[in-house]
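Please open the structure in your viewer and keep the selection tool at hand.

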Amino acid sequence: MLRLVRAEIQYKEAIIDMIDEWKRYNEMHPDANQSPQAIFKIDPRDYELFKESIDNKGNEPGKVPSTTYFLYDDTRKIMLGAINIRHYLNDYLLNYGGHIGDGIRPSERGKGYATKMIAYGLDICRDMGIKRVLMVCDKDNVASAQTIIKNGGILENRPTHNGKIIERYWIEL
């Protein structure tokens, strides 16, 4: 069974294992997408600091409140991915970031987990009262675009940001 969980202590080793794998992959693939960025800010071995850092309280200039969840496979007892949900959009997120940042650990990609994780994340957005969810991906990230479309994403436009073309999708809840 798959479910979204928070960074509770019982998931510490599974989260560390996932992030270690992800970091090794990113070192070998410097152009790899590092989303959600929240899980890479602090070494998870300092678990209390890590837990405190993955959610944004919106106190910093330019930041909005956000909550991070992890996709856990109860059957295999492994962490499959992470999703960061922004509670609302500021100007930057409206244009380039969206409500959701998500990613699946490298060894588990291409198995449909991102589609399921986003669906679970959309349920959380719905519970938060968000009516329309914006998701954004690089134009060349076909897998991400497919998972967004499978969850009801409708392409609005393709602006350029930092020299890359991005795609902005809206999902009606």
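Is R3 buried, partly exposed or exposed? Select R3 and display the surface: this residue is partly exposed, with a relative accessible area of 30%. Please bear in mind throughout that the model is predicted.

**Stop 1: from R3 to D74**

The side chains of D74 and R3 form a salt bridge, with N and O 2.7 Å apart. This pair connects distant parts of the chain, since R3 belongs to strand β1 (residues 2–5) and D74 to the loop between β2 and β3, 71 residues apart. D74 has a relative accessible area of 19% and is therefore buried, because the cut-off for buried is under 20%. The structure holds 15 salt bridges, and the next stop turns to others among them. As a general principle, side chains of opposite charge can pair when their charged atoms come close.

**Stop 2: a network of charged residues**

Select R76 and E108 next. Their side chains meet in a salt bridge of 3.0 Å, N to O. Here too distant parts of the chain are linked: R76 is in the loop between β2 and β3, whereas E108 is in the loop between β4 (100–104) and α4 (113–127), 32 residues apart. R76 counts as partly exposed, at 38% relative accessibility, while E108 counts as buried, at 6%.

K111 is partly exposed, with a relative accessible area of 45%. Which residues make up the network to which K111 belongs? Salt bridges with shared partners join D73, R76, E108 and K111 into one network.

Select D73 to complete this view. D73 is found in strand β2 and counts as buried, at 6% relative accessibility. The side chain of D73 also reaches the backbone nitrogen of T75, at 2.9 Å. Leaving aside residues up to four places away in sequence, D73 touches M1, L2, I78 and L80.

**Stop 3**

Select residues 47–54, which form helix α2. Within this helix, Y47, F50, S53 and I54 are buried. Turn the view until you look down the axis of α2: the buried residues fall within an arc of 125°, so they line one face of the helix. What do the buried residues of α2 pack against? Their packing partners are α1 (12–28), β2 (66–73) and β3 (78–86).

The structure holds five aromatic pairs. W22 lies in helix α1 and F40 in the loop between α1 and α2, so the pair ties together parts 18 residues apart in sequence. Both W22 and F40 are buried.

Return to α2 and show the rings of Y47 and F50. These two form a stacked aromatic pair, 5.9 Å centre to centre, with 25° between the planes. Both residues lie in helix α2, three residues apart, which is about one turn of the helix. In general, an α-helix has 3.6 residues a turn, so residues three or four places apart point the same way.

**Stop 4: strands β5 and β8**

Select residues 132–138, which form strand β5. Five of the seven residues of β5 are buried, so the strand is largely enclosed by the rest of the structure. How do β5 and β8 run, parallel or antiparallel? The two strands run antiparallel, and seven bridges join them. To follow the pairing, select V133 and find I171 in β8, which stands opposite.

Finally, select E167, which lies in strand β8 (residues 164–172). E167 is buried, with a relative accessible area of 5%.

How values were computed. Residues are numbered from 1 along each chain as its sequence is written. This is a predicted model: local features need pLDDT of at least 70, side-chain atom pairs count only at pLDDT 80 or more; totals for chains, interfaces and linings use all residues. Side-chain values use heavy atoms; hydrogens and water are left out. Helices (H or I, at least four residues) and strands (E, at least two) are DSSP runs, numbered from the N terminus. Buried means under 20% relative accessible area, exposed over 50%, partly exposed in between (1.4 Å probe, protein chains only). The arc is that of the directions from the helix axis to the C-beta atoms. Contact means heavy atoms within 4.5 Å. Two strands pair if DSSP finds at least two bridges between them. A salt bridge is a side-chain nitrogen of Lys or Arg within 4 Å of a carboxyl oxygen of Asp or Glu. Rings of Phe, Tyr and Trp (its six-membered ring) pair if their centres lie within 6.5 Å; planes under 30 degrees apart count as stacked, over 60 as edge-to-face and the rest as tilted. A polar contact is a pair of N or O atoms within 3.5 Å; within protein, one must be able to donate a hydrogen and the other to accept it, and residues adjacent in sequence count only if both atoms are side-chain atoms.
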